[in-house]
Amino acid sequence: MKNKRVPLRKCIGCLEMKPKNELIRIVCTKDGTISLDETGKAHGRGSYICPSIECFDKAKKQKGFNRSFGKEVPNQVYDHLKAKFDNGETL
């Protein structure tokens, strides 16, 4: 029996390659809206992050989201995502 290939993605916080299903996808749509991709199938430029507050803080400090999306990410987006992490909604 053949093993199914597991897609790997790089976390923008810790920069480690991990299976896609273990990471959280954040997407930037064509109209510039940045949001959490609950389904993993939303259209737009995707970026992945580990479900840990440490990786989120590191990505914010190193401007990983800005590099990934090629634009400045507003503080409101960071606040919204951090609230989801603090509430455990994304875990």
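**View 1. Lys 2, out in the open before β1.** At 79% relative accessibility, Lys 2 counts as exposed, because exposed means over 50% relative accessible area, buried means under 20%, and partly exposed is in between (1.4 Å probe, protein chains only). You'll find Lys 2 in the segment before β1. Helices (H or I, at least four residues) and strands (E, at least two) are DSSP runs, numbered from the N terminus. Now look across to Gly 32: Lys 2 and Gly 32 are 30 residues apart in sequence, and their C-alpha atoms are 41 Å apart in space.

A quick note on what you're looking at: this is a predicted model, where local features need pLDDT of at least 70, side-chain atom pairs count only at pLDDT 80 or more, and totals for chains, interfaces and linings use all residues. Residues are numbered from 1 along each chain as its sequence is written, and side-chain values use heavy atoms, with hydrogens and water left out.

**View 2. The largest nonpolar core.** This core has 21 residues, and those with the most contacts inside it are Ile 26, Ile 34, Ile 49, Phe 56, Phe 65, Phe 69 and Val 73. Here a nonpolar core is a set of buried Ala, Val, Leu, Ile, Met, Phe, Trp, Tyr and Cys residues joined through side-chain atoms within 4.5 Å. Strands β3 (24-28), β4 (34-37) and β5 (45-49) each supply at least two residues of the core, and so do helices α1 (53-61), α2 (64-69) and α3 (75-87). Which helix gives the largest share of this core? That's α3, with four residues.

**View 3. Who touches Phe 65?** Skip the neighbours within four places in sequence, and Phe 65 is in contact with Ile 12, Ile 26, Ile 49, Phe 56, Ala 59, Val 73 and Tyr 78. Contact means heavy atoms within 4.5 Å.

**View 4. Helices α1 and α3 side by side.** The axes of these two helices come within 10 Å and cross at roughly 165°. That makes α1 roughly antiparallel to α3, since angles over 145 degrees count as roughly antiparallel, under 35 as roughly parallel, 65 to 115 as roughly perpendicular and the rest as oblique. The axes are lines fitted to C-alpha atoms, for helices over the stretch in contact, and angles run from 0 to 180 degrees between N-to-C directions. From α1, Ile 53, Phe 56, Asp 57 and Lys 60 meet Tyr 78, Leu 81, Lys 82, Phe 85 and Asp 86 of α3. Sort the residues of this contact and you get five nonpolar, no polar and four charged.

**View 5. Asn 75 in helix α3.** Asn 75 lies in α3, and with 52% relative accessibility it counts as exposed. Lys 60 is 15 residues away from Asn 75 in sequence, and 9.8 Å away in space, C-alpha to C-alpha.

**View 6. Asp 37 in strand β4.** Is Asp 37 buried or exposed? Asp 37 is buried, with a relative accessible area of 7%, and its place is in β4. Leaving out residues up to four places away in sequence, Asp 37 touches Arg 25, Ile 26, Val 27 and Ala 42. Val 6 is 31 residues from Asp 37 in sequence and 20 Å from it in space, C-alpha to C-alpha.

View 7. Leu 15 isn't a glycine, yet it has a positive phi of about 65°. Leu 15 is in the loop between β1 (8-10) and β2 (17-19), and at 48% relative accessibility it counts as partly exposed. Lys 63, also not a glycine, has a positive phi of about 60°. Lys 63 lies in the loop between α1 and α2, and it's partly exposed at 46% relative accessibility.

Note on methods:
Ala, Val, Leu, Ile, Met, Phe, Trp, Tyr, Cys and Pro count as nonpolar, Asp, Glu, Lys and Arg as charged, and the others, Gly among them, as polar.
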